[in-house]
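Open the model in your viewer and keep the selection panel at hand. The tour below goes stop by stop.

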Amino acid sequence: MTRLRQSRLGASLDGHRRRHELASVEAFCIFIGYPRSGHSLLGSLLDAHPEMVIAHELDVLTFVAAGWPRRALYSRILNHDATFTESGRQWFGYDYRVPGQWQGRVSKLRVIGDKKGGKTTERLGARPDLLERLRRTVEVPVRLVHVVRSPYDNITTMARRSGQTLEQAAQRYFDLCATVARVKQEVPATDVLDVRHEAFVADPRAHLARACRFLGVEPSDAYLDGCTGAVFSSPHQTRADLAWSPALVDLVAAQAAGYDFLGGYSYAEEQRPT
């Protein structure tokens with residue numbers, strides 16, 4: 001028996017044991033987009049809500065492709081989230097803890113999901129059927145959160161973390177943009193939330209409240225206060241960390257112009273929150 005099949009059996013048993021807790025789920029959330037775009041911050045803040053569990057980097061579509069049933073999938077998400085919280089919620093040098101809130105636990109489970117935007121998007125690019133398979137598996141509305149960051153900063157950070165050249169990272173970035181654009185065309189506009197990372201950091205309270213309501217839950221003042229205190233004061237502009245050639249700057253600008261969700265970004269000027 002493979003490890004995935006063994007873990008599926010254990011998750012199915014755990015899901016059956018927790019069936020009453022899982023019965024209250026009203027929506028499923030996945031992130032689409034790009035690595036190093038700010039997904040981890042928003043995912044961890046949503047996970048701090050008492051009625052939501054958003055796993056960190058689970059790669060849920062792997063389990064959907066393998067045919068995991070709903071309760072097993074939910075059990076895997078809950079246990080993954082609890083383990084990440086117990087380990088301290090540290091990721092690539094960042095601390096994603098929100099003291100005094102609900103990370104790793106819930107009062108009533110209404111929204112469940114996974115934050116792995118880049119890999120989820122790659123999987124949807126290779127297997128467009130996985131989104132419909134996810135819908136059939138979870139049997140609740142699927143909501144998609146799309147976090148956008150300046151392509152110049154996003155590509156720079158992708159290159160630094162992966163060891164790729166800027167040109168290679170830019171190619172991967174725009175491959176993901178193409179998949180995001182296709183997915184956005186195929187689903188109702190009401191099922192996708194676009195979040196600009198720079199705008200979120202500038203006014204986390206307003207944008208987090210908007211994200212909560214998009215997912216169908218209400219944010220309390222205590223929750224918003226706690227999460228706002230966990231957000232850094234300004235977005236990190238990493239484009240200066242690597243040498244961008246004028247030709248690559250122009251190429252990225254030309255490609256970005258083909259996507260309305262990248263409108264307003266430029267290499268030379270700091271992005272204004274919108």
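**Stop 1: an aromatic pair**

Select F63. F63 is buried, at 7% relative accessible area (buried means under 20%, exposed over 50%, partly exposed in between, with a 1.4 Å probe and protein chains only). Before going on, note that this is a predicted model, where local features need pLDDT of at least 70, side-chain atom pairs count only at pLDDT 80 or more, and totals for chains, interfaces and linings use all residues. Residues are numbered from 1 along each chain as its sequence is written, and side-chain values use heavy atoms, with hydrogens and water left out.

The structure holds ten aromatic pairs. In the pair of F63 and W68, the ring centres are 4.6 Å apart and the planes meet at 70 degrees, so the pair is edge-to-face. For such pairs, rings of Phe, Tyr and Trp (its six-membered ring) must have centres within 6.5 Å; planes under 30 degrees apart are stacked, over 60 edge-to-face, and the rest tilted.

**Stop 2**

Select Y34, Y173, F174, Y259 and F261. They form one aromatic cluster. Next, pick W102 and R105. The charged end of R105 sits over the ring of W102, 4.1 Å from the ring centre. The criterion is NZ of Lys or CZ of Arg within 6 Å of the ring centre and within 35 degrees of the ring normal.

**Stop 3: the sheet**

Switch to cartoon. Which order do the strands of the open sheet have? The five strands run β2-β5-β1-β6-β7, with parallel pairing. β2 (52-56) and β7 stand at the edges with a single partner strand each, so one side of each has no neighbour in the sheet. The twist averages 20 degrees from one strand to the next. Strands (E, at least two residues) and helices (H or I, at least four) are DSSP runs, numbered from the N terminus. Two strands pair if DSSP finds at least two bridges between them.

Five bridges join β2 to β5 (residues 111-115), and the two run parallel. M52 stands opposite V111 in β5.

Strand β7 covers residues 192-196, and four of its five residues are buried. Five bridges join β6 (residues 142-148) to β7, again in parallel. L193 in β7 is the bridge partner of V145.

**Stop 4: two positive phi angles**

Most residues other than glycine have a negative phi. Select E57, in the loop between β2 and α4 (60-65). E57 has a positive phi of about 65 degrees although it is not a glycine. E57 is partly exposed, at 21% relative accessibility.

T120 is buried, with 1% relative accessible area. The C-alpha atoms of T120 and E57 are separated by 9.6 Å, though the residues lie 63 apart along the chain.

Move to E139, in the loop between α7 (129-138) and β6. Its phi is positive too, at about 60 degrees, and E139 is not a glycine. Is E139 buried or exposed? E139 is exposed, with a relative accessible area of 60%.

**Stop 5: two packed helices**

Select α3 (residues 39-47) and α11 (residues 204-215). These helices pack at about 65 degrees, with axes 11 Å apart. Axes are lines fitted to C-alpha atoms, for helices over the stretch in contact, and angles run from 0 to 180 degrees between N-to-C directions. α3 and α11 are therefore roughly perpendicular to each other (65 to 115 degrees; under 35 is roughly parallel, over 145 roughly antiparallel, the rest oblique).
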